[in-house]
Amino acid sequence: MSFSSVLDNLALRKSAVVRRFEQLIAPKSDAELEAMAQTSRALTLQNFGRTMRLFAPLYLSNECINNCRYCGFSRDNPILRVTLSVEEVLAEARFLRDSGFRQILLVAGEHPKFVSEDYLLECIRALAPEFPSISIEVGPMQTDEYSPLVRAGAEGLVVYQETYQRGVYAELHTAGPKRDFDYRLNCPERAYSAGFRRIGIGALLGLWRWQDEAIALAAHVEHLLQHCWQAQITVSLPRLRPAAGGFRPLFSISDRELAQLVCALRISFPQVGIVLSTRERASLRDALVSLGVTMMSAGSHTEPGGYTRRGVGRIHQTVRGRIVPPELQNGEDQLATGQFEISDDRSPEKIVQVLRERGLEPVWKDWEQSLCG
Ligand code: SF4
């Protein structure tokens with residue numbers, strides 16, 4: 001059974017795990033929440049030890065053919081765009097490697113002209129000898145399109161459903177192939193069939209009531225644990241951040257509720273990785289690291305070329321798929337536009353220091369592709 005049918009029947013038919021999860025995210029007193037936090041900490045320690053995986057996003061391109069009302073890269077936003085060459089991608093990656101990272105997440109908007117399968121393949125081939133863990137977060141593909149990327153060295157795939165509410169999804173995704181809700185929803189299984197060994201899912205919090213999104217997300221996790229059981233499943237809980245286009249979140253989730261959600265996920269799914277990005281401010285990230293989070297980004301940039309200023313000479317705007325000269329304001333930074341504003345801008349070294357102060361060991365590398373032959 002595909003997850004589409006599970007989702008469509010979720011209001012009537014929830015598993016015991018999801019029913020328990022629903023209780024865990026219901027309003028709690030301070031004492032109840034503290035008890036959840038203690039259980040969550042203990043389960044995290046039991047399953048992951050005192051470790052924190054560190055990764056960095058590497059933006060390849062901010063070209064996109066979709067209009068997602070909440071995203072700065074939407075095709076109708078008159079932003080500064082660029083697609084890095086393979087050499088420029090390698091230069092950005094080496095900057096990250098010199099900062100300690102061995103696990104990178106290649107991120108790109110969805111645009112077959114600029115971000116083709118061949119382009120992705122070339123990027124992965126160039127990076128694979130130097131990076132034991134390469135994940136991708138790009139437009140969803142078919143299984144046979146993913147397979148060459150896996151063979152080239154990609155081992156992780158990240159795809160957020162954004163919202164699990166079909167009606168809300170239709171309203172927010174106004175143009176482009178991303179309008180196909182089910183094609184995106186079933187992407188993790190296609191990726192698993194292609195051989196990805198890490199699969200990351202998530203919901204963009206702020207588009208709908210967080211409790212409804214969380215219940216659907218929990219059901220999705222449970223489904224993937226049953227159907228993609230050889231893969232390592234991770235969950236992200238990104239909250240909407242300001243971005244080009246000026247979309248304002250319609251719903252909110254407080255810091256306290258986010259912490260409760262992290263605990264509820266850990267208690268319900270003790271072995272699932274929980275990812276926290278630099279979207280969240282430093283003080284909250286520091287509090288959540290000992291609660292259940294197992295993977296963090298650090299020192300991130302969300303614009304292509306953001307680490308080394310590669311690609312600045314080719315900044316442009318894209319109108320109906322055509323490259324046009326950029327309209328630059330006086331003194332405007334020549335970097336391409338970022339996807340969203342980050343909140344925690346501390347360096348990787350600083351994050352490492354904070355983790356160690358909290359008794360956690362940063363993990364730069366936990367996988368060696370060559371051991372698989
Ligand atoms: S969310 Fe993804 S698909 Fe949508 S506009 Fe942004 S980059 Fe493109």
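**Entry 1: the model.** I am working with a predicted model, so every entry here describes that prediction.

**Entry 2: helices H3 and H11.** I started with H3, residues 30-48, and H11, residues 255-268. Two packed helices are described by the angle between their axes and the distance between the axes. Here I found that the axes come within 8 Å and cross at roughly 45 degrees. That angle makes H3 oblique to H11, and I noted the crossing as left-handed.

**Entry 3: who touches whom.** Next I looked up the residues in this contact. From H3 I listed Asp30, Leu33, Met36, Ala37, Thr39, Ser40, Leu43, Thr44 and Phe48. H11 brings Arg256, Gln260, Val262, Cys263, Ala264, Arg266 and Ile267. Sorted by class, the contact of H3 with H11 holds nine nonpolar, four polar and three charged residues.

**Entry 4: strand E7.** Then I moved to E7, residues 198-202, and asked myself how many of its residues are buried. Five of its five are, and I wrote the strand down as mostly covered. In a regular strand the side chains alternate between the two faces of the sheet. In E7, I saw Arg198, Gly200 and Gly202 pointing one way and Ile199 and Ile201 the other way, all of them buried.

**Entry 5: the neighbours of E7.** Which strands pair with E7? I found E5, residues 154-158, running parallel to E7 and joined to it by three bridges. Across that pairing, Gly156 stands opposite Arg198. E8, residues 232-236, also pairs with E7 in the parallel sense, over five bridges. There, I marked Ile233 of E8 as the bridge partner of Ile199.

Definitions and conventions
Residues are numbered from 1 along each chain as its sequence is written. This is a predicted model: local features need pLDDT of at least 70, side-chain atom pairs count only at pLDDT 80 or more; totals for chains, interfaces and linings use all residues. Side-chain values use heavy atoms; hydrogens and water are left out. Axes are lines fitted to C-alpha atoms, for helices over the stretch in contact, and angles run from 0 to 180 degrees between N-to-C directions. Helices (H or I, at least four residues) and strands (E, at least two) are DSSP runs, numbered from the N terminus. Angles under 35 degrees count as roughly parallel, over 145 as roughly antiparallel, 65 to 115 as roughly perpendicular and the rest as oblique. A crossing is left-handed if the near helix is turned anticlockwise from the far one by less than a right angle, and right-handed if clockwise. Contact means heavy atoms within 4.5 Å. Ala, Val, Leu, Ile, Met, Phe, Trp, Tyr, Cys and Pro count as nonpolar, Asp, Glu, Lys and Arg as charged, and the others, Gly among them, as polar. Buried means under 20% relative accessible area, exposed over 50%, partly exposed in between (1.4 Å probe, protein chains only). Two strands pair if DSSP finds at least two bridges between them.
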